[in-house]
Amino acid sequence: MSNYAGVIHHATSILCSNKGSLDLQQLHRKILQRVEITEDDFWYIVKKCSRFVVVRNRERTDEWGTDCVVVAKTSLRLCRNYTKDGCRDCQELHLCKYFVYGNCRYGKGRKQCKFSHDVFSEHNYRLLRDCTLHELHEDELFLLLLQNDPSLLPEVTPRSST
Ligand SMILES: [Zn+2]
Ligand SMILES: [Zn+2]
C-alpha cells in the first residue's frame, strides 16, 4: 500500500462532509472512488490511526459490517487563553470560537473581530500541519473541532432542540 497519509486525509475529509461519521463500509466505498485500497488495509488504518474511532451502531446489526461507524477525531483544540494577552508557544489554535461556530458577528462587515478569523495563520498552520489537518477545507476542519472539543459544545446546542 502506497499512501497512508493520503487515505487518512481523504477519509477525514469524507467524514467531515458527512457530519463527522460514517459506516465503515460506506466510507470504504467512497475511498475507493479515489484510492485503491483493500477492505483489510483500510480497516487496519482506521484501527491504527488516532484520527479515527470506531463505534458500534447497535441499532443496525442486520447486515454484516454495517454496525461499525467510523468517527473522525482530533486532539487539536482552540486555545482558551487566547482571549488574554501573551499566549505564546501554544499548541492550540488561535481562532475566534464564534467564527468556528459560524456565528461570529464581526469580521464580515464594518467591525473587525478582535480575534483571528485566519485559520491558516502562521501559528495555526503549523499546528494543523503537525496534525496533518492543513489540507482540510475550513468547514470540514470546523466540524472536526466542534465534534471533538467538549468545551465548545454547550454553547452551540440550540435551546429548543426537542
Ligand atoms: Zn494559545
Ligand atoms: Zn470573530
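1. A quick word on terms before we start: two strands count as paired if DSSP finds at least two bridges between them. Helices (H or I, at least four residues) and strands (E, at least two) are DSSP runs, numbered from the N terminus. With that in hand, β2 and β3 pair in the antiparallel sense over five bridges.

2. This is a predicted model, where local features need pLDDT of at least 70, side-chain atom pairs count only at pLDDT 80 or more, and totals for chains, interfaces and linings use all residues. Residues are numbered from 1 along each chain as its sequence is written, while chains are lettered from A and ligands numbered from 1 in the order in which they are written.

3. Here's the overall layout. The chain has seven helices and three strands, and they come in the pattern α-β-α-α-β-β-α-α-α-α along the sequence. Of the 162 residues, 20% are buried; that label asks for 20 or more other C-beta atoms within 10 Å of a residue's own, with exposed meaning 12 or fewer, partly exposed anything in between, and C-beta atoms placed from the backbone.

4. Now the sheet: three strands, open, in the order β1-β3-β2, with antiparallel pairing. At its edges sit β1 (21–23) and β2 (52–56), each pairing on one side only. On average, neighbouring strands are turned by 30° against each other, direction ignored. Axes here are lines fitted to C-alpha atoms, for helices over the stretch in contact, and angles run from 0 to 180 degrees between N-to-C directions.

5. Which residue in β3 is the bridge partner of L22? V70 is, and V54 stands opposite V70 as well. The pairing of β1 with β3 (residues 68–72) is antiparallel and runs over three bridges. Helix α2 (residues 24–32) packs on this sheet, touching β1, β2 and β3, and its direction makes about 95° with that of β1. Touching, or contact, takes C-beta atoms, placed from the backbone, within 7 Å.

6. The largest nonpolar core is worth a look. Such a core is a set of buried Ala, Val, Leu, Ile, Met, Phe, Trp, Tyr and Cys residues joined through C-beta atoms within 7 Å. This one has 25 residues, and L15, C16, V70 and L144 touch the most other members. Two or more residues come from each of α1 (4–16), α2, α3 (39–48), β3, α4 (97–101) and α6 (138–148). Domain 1 (4–72) and domain 2 (97–156) both contribute, so the core lies between them. Those domain bounds come from an automatic or database domain assignment.

7. What does C16 touch, leaving out residues up to four places away in sequence? Its contacts are A72, L136, E140, L143 and L144. For the chain as a whole, 52% of the contacts between residues at least 6 apart in sequence join residues at least 24 apart.

8. Finally, two backbone angles to check. K19, in the loop between α1 and β1, has phi near 60°, a positive value in a residue other than glycine. K19 is exposed, with 10 other C-beta atoms within 10 Å. T132, also not a glycine, has a positive phi near 50° and sits in the loop between α5 (122–130) and α6. Is T132 exposed or partly exposed? With 14 C-beta neighbours inside 10 Å, T132 counts as partly exposed.

Key:
Contact = placed C-beta atoms within 7 Å.
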